[in-house]
Amino acid sequence: MAPPDSPPTHDPGAGLGARPVPSATEVFARDFAVADITDLRHDLRRHVAVAGLHDDDLDDFVAAVNELATNAVRHGGGQGSLRLTLDGDTLIAEVSDRGGGFGGELPVTAGPPAADVPGGRGILLARLLTDTLLISDGPDGVTVTVTRCMSPPPSAPRQP
């Protein structure tokens, strides 16, 4: 038996391509109200660009988060908070409010509402414009988290 202070003789992750687990880095955080939405969107755009998103990916991510921030002020008590983090090659935005929540089932839509129905498109747009969307609904408000991977997907192997 090895002494208690000797290194382990077997490391299950050694030699298997194990890498250090990346830690999330906060890129931007801000509380906001309805009067702040435009400035929030511009600040968000700058920080997302610095984090590494560009072109259509940048525009899509900013549009998605803007929809969520707008929902927070419209439906979540008039104010909210945004936290943007970078975890490895994944950009994560959390938009939270302190409203009463959904009061029932979470909104899961297969498509947009009819053209003559006002509203109801924010979460659907955010879902379509990002890689993932998670809704956490509780008595203290709602948090919607969206992500965007900044690495291109692996290319398919070439066919002979």
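Below is a chat about the sheet, helices and core of a predicted model.

Colleague: Hi! I'm new to this one. How many strands form the sheet, and in what order?

Modeller: Welcome! Bear in mind that this is a predicted model. Five strands make up an open sheet, ordered 1-2-3-5-4, with antiparallel pairing.

Colleague: Which strands are at the edges?

Modeller: Strand 1 (25-33) and strand 4, each of which pairs on one side only. From one strand to the next, the twist averages 15 degrees.

Colleague: And how many bridges join strand 3 to strand 5?

Modeller: Seven, between strand 3 (residues 90-97) and strand 5, and the two run antiparallel.

Colleague: Nice. What does helix 1 touch on the sheet?

Modeller: Helix 1 (residues 37-51) packs there against strand 1, strand 2 (79-87) and strand 3. The direction of helix 1 makes about 175 degrees with that of strand 1.

Colleague: What about helix 2, which strands does that touch?

Modeller: Helix 2 also packs on the sheet, where it touches strand 1, strand 2, strand 3 and strand 5. Its direction makes about 15 degrees with that of strand 3.

Colleague: Switching to helix 3: which residues are buried there?

Modeller: In helix 3 (residues 122-129), Gly 122, Ile 123, Leu 124 and Ala 126 are buried.

Colleague: What covers them?

Modeller: The cover includes helix 2 (55-75), strand 4 (132-138) and strand 5 (141-149).

Colleague: Now the largest nonpolar core. Which residues touch the most other members?

Modeller: Phe 32, Val 48, Phe 61, Val 65, Leu 82 and Leu 84, out of 28 residues in that core. At least two core residues come from each of strand 1, helix 1, helix 2, strand 2, strand 3, helix 3 and strand 5.

Colleague: Where does the largest share come from?

Modeller: From helix 2, which supplies nine residues.

Colleague: You mentioned Phe 61. What does that residue touch?

Modeller: Leaving aside residues up to four places away in sequence, the contacts of Phe 61 include Val 48, Leu 53, Leu 84, Leu 91 and Ala 93. Leu 129, Thr 130, Val 146, Thr 147 and Arg 148 are also touched by Phe 61.

Colleague: Last one: where is Thr 85, and why does it count as buried?

Modeller: Thr 85 sits in strand 2. It counts as buried because its relative accessibility is 6%, and the cut-off for buried is under 20%. Beyond residues up to four places away in sequence, Thr 85 touches Ala 24, Thr 25, Glu 26, Val 27, Thr 90, Leu 91 and Ile 92.

Conventions
Residues are numbered from 1 along each chain as its sequence is written. This is a predicted model: local features need pLDDT of at least 70, side-chain atom pairs count only at pLDDT 80 or more; totals for chains, interfaces and linings use all residues. Side-chain values use heavy atoms; hydrogens and water are left out. Buried means under 20% relative accessible area, exposed over 50%, partly exposed in between (1.4 Å probe, protein chains only). Helices (H or I, at least four residues) and strands (E, at least two) are DSSP runs, numbered from the N terminus. Contact means heavy atoms within 4.5 Å. Two strands pair if DSSP finds at least two bridges between them. Axes are lines fitted to C-alpha atoms, for helices over the stretch in contact, and angles run from 0 to 180 degrees between N-to-C directions. A nonpolar core is a set of buried Ala, Val, Leu, Ile, Met, Phe, Trp, Tyr and Cys residues joined through side-chain atoms within 4.5 Å.
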